[in-house]
Amino acid sequence: MKKDTHSIYSMPTLEDSIAHNKIKEADLLPDPESRLDSMEMKERPIEDSSIPFRDLTDSASKRESIGRIIEKLDVETNLRYQRTVEDTYCNVYSYDYCHFCKVYLPTVWWTDDALEKVLDGQEVEAIFEQTVDRIYSSAIHDWFLEWGANFGWERMFTAEEIQNKVNANGGIGIICAKRKEKGLSGHIVPVVPETDLHQAYRENGIVVYPLQSQAGKINYNYFSEVRKDWWNDELYSSYVFYYHE
């Protein structure tokens, strides 16, 4: 398996950095059909008062409320995240998880024309399939490298580092892998706080496989050892670890 920790990526120029300061979230409004019991409108946020948001009071409240979010989203059974013949929905679940944790991760992103206008300082409305389109996991990998820091994401490089930060602070961890073959799905997975019942896998006290939650070919509310270091699979050309408070 390929042990490619660092992606090949050119750093933005000063001009890029100035333009990046004008970037803004690309988010659509909720729709009544965007629900846990529906397969429709997955590109839109869920508006459901029964789903808790992350409680930002302190690190303990963050961790506890993340557990309630995972329980309520229940990726293993809710219809929204179940695989179809055509697709799996790792990006939809990761977006929902981050949304209810009050952290920005795109499920749609600006089209090239719209992005140019946004960076020029123009006001651009997010309109599906006009100014924004769905963004999938391989493209989200590149989004993290290009835009992540603008939205508070910090790059990390080991499973131990990201698990410890998530545990200590009740923050949000993400592992995102880019598929080698263009046009095929990569994968994106939240790294979540350990609990009494659910633990990362360690060897000699060091995290080897962090505790994660995913939609995919098989959906797991929690997993660690069962998928090993999936991000090192030869299917992927690169992967990134990112963390957000």
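## Aromatic pairs

Two rings of Phe, Tyr or Trp, the last represented by its six-membered ring, are taken as a pair if their centres lie within 6.5 Å. In this predicted model, a search of the whole structure gives 19 aromatic pairs.

One of the 19 aromatic pairs joins Y104 and W143 in an edge-to-face arrangement, with 6.0 Å from centre to centre and 65 degrees between the planes. Y104 belongs to the loop between α3 (90–100) and β1 (108–110), while W143 is part of helix α5 (residues 137–147), so this contact ties together parts that are 39 residues apart in sequence.

Y104 counts as buried because its relative accessibility is 6%, which falls under the 20% limit. W143 is likewise buried, at a relative accessible area of 2%.

Y104 also pairs with F151: the ring centres are 4.9 Å apart and the planes stand at 45 degrees, so the pair is tilted. F151 is located in the loop between α5 and β3 (154–156), and Y104 in the loop between α3 and β1; the pair therefore ties together parts that are 47 residues apart in sequence. F151 is buried too, with a relative accessible area of 13%.

## The aromatic cluster

Y104, W143 and F151 are members of one aromatic cluster, together with W109, F144, W147, W153 and Y242.

## A charge over a ring

A contact of another kind involves Y89. K42 lies over the face of this tyrosine, at 3.1 Å from the ring centre.

Terms used: Residues are numbered from 1 along each chain as its sequence is written. This is a predicted model: local features need pLDDT of at least 70, side-chain atom pairs count only at pLDDT 80 or more; totals for chains, interfaces and linings use all residues. Side-chain values use heavy atoms; hydrogens and water are left out. Rings of Phe, Tyr and Trp (its six-membered ring) pair if their centres lie within 6.5 Å; planes under 30 degrees apart count as stacked, over 60 as edge-to-face and the rest as tilted. Helices (H or I, at least four residues) and strands (E, at least two) are DSSP runs, numbered from the N terminus. Buried means under 20% relative accessible area, exposed over 50%, partly exposed in between (1.4 Å probe, protein chains only). A charge sits over a ring if NZ of Lys or CZ of Arg is within 6 Å of the ring centre and within 35 degrees of the ring normal.
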